[in-house]
Amino acid sequence: MTRPAVRLRCPRVADAPGLRALVRATGVLDLNSCYAYALICDHFAATSVVAEDADSGAILGFVSAYRLPDSPTTLFVWQVAVAAAARGQGLASRMLAHVVTGPTAPRVRQLLTTITPDNTASVRLFTGLARAAGCRLETPAQYPAAVLGADPEAHAPEVHHRIGPFPAHPDDAGRTVIPDWSTPA
């Protein structure tokens with residue numbers, strides 16, 4: 001089977017229903033309303049990315065991220081979603097690299113995300129980024145399950161993963177430079 005050509009771009013408000021459907025189809029990510037995805041596409045387009053099939057325009061992946069209000073050089077990655085048909089091809093790594101180093105990337109010094117302990121794919125993804133960037137990966141805290149839902153069984157704890165600091169003055173455009181780790185071995 002031939003891999004589709006993928007185009008990475010900023011999300012648009014019109015993508016919201018498709019992004020919600022993609023997140024629902026993963027079966028593991030917290031599902032937000034279409035309104036929430038529209039807000040992400042509108043307010044955080046420069047720090048998020050959509051991966052689409054270059055021929056059909058079908059959405060294959062999505063990363064939502066935003067700068068922390070009290071630490072604008074810290075990028076919080078909220079969700080990483082990849083369609084089942086596009087998994088195992090390094091797409092999550094490509095999208096993550098794009099939000100950290102791409103043309104609309106902010107001057108990111110560190111990345112923060114939370115991951116449930118059983119999400120080995122996400123742990124591998126962010127560990128790979130830290131290794132490729134030559135940065136520390138720390139897990140300084142977590143949100144306990146009890147604060148994430150009325151029933152402690154409803155949601156696993158979310159462990160913080162902090163990667164950084166990235167290079168202070170990476171390139172002439174102020175973007176972070178990280179070696180390509182997005183191609184699967």
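## Close-up views of a predicted model

Tyr66 is partly exposed, with a relative accessible area of 22%; residues count as buried under 20%, exposed over 50% and partly exposed in between, using a 1.4 Å probe and protein chains only. Because the model is predicted, local features need a pLDDT of at least 70 and side-chain atom pairs count only at pLDDT 80 or more, while totals for chains, interfaces and linings use all residues. Residues are numbered from 1 along each chain as its sequence is written, and side-chain values use heavy atoms, with hydrogens and water left out.

**View A. Aromatic rings that meet across the chain.** A pair of aromatic rings is described by the distance of the centres and the angle of the planes. Here the rings of Phe, Tyr and Trp (its six-membered ring) pair if their centres lie within 6.5 Å, and planes under 30 degrees apart are called stacked, over 60 edge-to-face and the rest tilted. Searching the whole structure turns up three aromatic pairs. In one of them, Tyr37 and Phe62 sit edge-to-face, 6.3 Å from centre to centre with 70 degrees between the planes. Tyr37 belongs to helix 2 (residues 34-43) and Phe62 to strand 3, so this pair ties together parts that are 25 residues apart in sequence. Helices (H or I, at least four residues) and strands (E, at least two) are DSSP runs, numbered from the N terminus. Are these two residues buried or exposed? Tyr37 is buried at 0% relative accessibility, and Phe62 is buried at 0% as well. Another pair, Tyr66 with Phe76, is tilted, at 5.4 Å centre to centre and 45 degrees between the planes. Tyr66 lies in strand 3 and Phe76 in strand 4, so that pair links parts ten residues apart in sequence. Phe76 is buried, with a relative accessible area of 10%. Phe44, Tyr66 and Phe76 form one aromatic cluster.

**View B. Strand 2 and its neighbours.** In a regular strand the side chains alternate between the two faces of the sheet. Val49, Ala51 and Asp53 point one way from strand 2, Val50 and Glu52 point the other way, and all are buried. Strand 2 pairs with strand 1 in the antiparallel sense over four bridges; two strands pair if DSSP finds at least two bridges between them. Val50 is the bridge partner of Arg9. Strand 2 also pairs with strand 3 in the antiparallel sense over four bridges, and Val49 stands opposite Val63 in strand 3. Five residues lie between the two strands of this hairpin, and Gly57 in the turn has a positive phi of about 80 degrees.

**View C. An enclosed helix.** Nine of the eleven residues of helix 3 (residues 91-101) are buried, so helix 3 is largely enclosed by the rest of the structure. Among the buried residues are Leu91, Met95, His98 and Val100. Their cover includes strand 1 (6-9), strand 5 (110-115) and helix 4 (120-133).

Technical notes:
Contact means heavy atoms within 4.5 Å.
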